[in-house]
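Trainee: Could you help me learn to read a protein structure, one feature at a time?
Mentor: Gladly! Let's look at it together.

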Amino acid sequence: MSSLYPRSDLSSNSLSSLLQSVLSDLEIYNLAYDTKLVVRSRLFDPAVFIYTVIGILNRDKEFTLRNIHYEYTCNMLKKGKESLSWEPFYDFLDKKQMPVFLKSLCDRLNEISIKEVLSDTKELVDA
């Protein structure tokens with residue numbers, strides 16, 4: 001099955017590592033709650049959720065909430081954390097807010113990138 005999304009040169013592990021080096025799990029958690037992606041917080045980990053989404057988008061796997069739940073559960077178990085069954089997982093997410101959350105995440109990454117570029121430019125000017 002071909003993906004609806006173009007594949008990146010980077011593996012999902014590289015993308016996840018890159019994201020982890022720029023944003024902490026706490027920042028991802030705060031973005032998820034600020035954008036109201038997470039309706040209830042019991043046992044839900046927004047950082048694992050976004051790494052799961054990155055993994056699915058980066059492979060030829062159908063992008064459905066069921067697939068996200070399955071992989072999210074696997075990722076939580078790999079981390080030694082308790083996972084959620086389908087119903088709580090489905091109920092804890094406001095599906096309409098997912099694009100808002102992803103846009104907010106991209107905006108935050110752009111903001112960090114711009115700050116780094118400006119910082120590098122200032123150092124060059126000072127030199």
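Predicted model: local features only at pLDDT ≥ 70, side-chain atom pairs only at ≥ 80, totals over all residues.

Trainee: How much of the chain is made up of buried residues?

Mentor: Of the 127 residues in the chain, 35% are buried. The accessible surface of the chain is about 8,100 Å², and carbon and sulfur atoms own 56% of that surface.

Trainee: How many helices and how many strands does the chain have?

Mentor: You will find six helices and zero strands. Reading along the sequence gives the pattern α-α-α-α-α-α.

Trainee: And what share of the contacts comes from residues 24 or more positions apart?

Mentor: Take the contacts in the chain with a separation of 6 or more: residues 24 or more positions apart account for 65% of them.

Trainee: Back to the aromatic residues, please. How do I describe a pair of rings?

Mentor: You give the distance of the centres and the angle of the planes. The structure holds eight aromatic pairs. In one of them, Phe-49 and Phe-89 are tilted, at 6.4 Å centre to centre with 50° between the planes. Phe-49 sits in helix α3 and Phe-89 in helix α5, 40 residues apart, and the pair links these distant parts of the chain. Both residues, Phe-49 and Phe-89, are buried.

Trainee: Where does Tyr-72 come in, and which helix does Tyr-72 lie in?

Mentor: Tyr-72 and Phe-89 make another tilted aromatic pair, with 5.3 Å from centre to centre and 45° between the planes. Tyr-72 is in helix α4 while Phe-89 is in helix α5, so this pair ties together parts that are 17 residues apart in sequence. The relative accessible area of Phe-89 is 0%, so Phe-89 is buried. If you follow the ring pairs onward, they link Phe-44, Phe-49, Tyr-72, Trp-86, Phe-89 and Tyr-90 into a cluster.

Trainee: What about the nonpolar core: how many residues does the largest one have?

Mentor: To read a core, look for buried nonpolar residues whose side chains are joined to one another. The largest nonpolar core here has 28 residues, and among those with the most contacts inside it are Leu-19, Ile-28, Phe-49 and Phe-89. Each of α2, α3, α4, α5 and α6 supplies at least two residues of this core. The largest share, eight residues, comes from α3.

Trainee: Which residues is Leu-19 in contact with, leaving aside its neighbours within four places in sequence?

Mentor: With those neighbours set aside, Leu-19 is in contact with Ile-28, Ile-50, Tyr-51, Ile-54, Leu-105 and Leu-109.

Trainee: Now the charged side chains. How many salt bridges are there?

Mentor: For a salt bridge, check whether a side-chain nitrogen of Lys or Arg lies within 4 Å of a carboxyl oxygen of Asp or Glu. The count for this structure is five. One of them joins Lys-81 to Asp-45, with the closest N and O atoms 2.7 Å apart. This pair links distant parts of the chain, 36 residues apart: Lys-81 is in the loop between α4 and α5, and Asp-45 is in the loop between α2 and α3. Lys-81 is partly exposed at 34% relative accessible area, whereas Asp-45 is buried at 11%.

Trainee: Which salt bridge does Glu-111 form with Lys-115, and at what distance?

Mentor: Their side chains meet at 3.7 Å, N to O. Glu-111 and Lys-115 are four residues apart in helix α6, which means that about one helical turn separates them. Glu-111 also forms a salt bridge with Arg-108, where the closest N and O atoms are 2.9 Å apart. Salt bridges with shared partners join Glu-27, Arg-108, Glu-111 and Lys-115 into one network.

Methods:
Residues numbered from 1 in each chain as written. Heavy atoms only, no water. Buried < 20%, exposed > 50% of the residue type's maximum accessible area, 1.4 Å probe, protein only. Contact = heavy atoms within 4.5 Å. Areas by Shrake-Rupley, 256 points an atom, 1.4 Å probe, with all protein chains shown as cover. Core = buried A, V, L, I, M, F, W, Y, C linked by side-chain atoms within 4.5 Å. Phe/Tyr/Trp six-rings, centres within 6.5 Å; stacked < 30°, edge-to-face > 60°.
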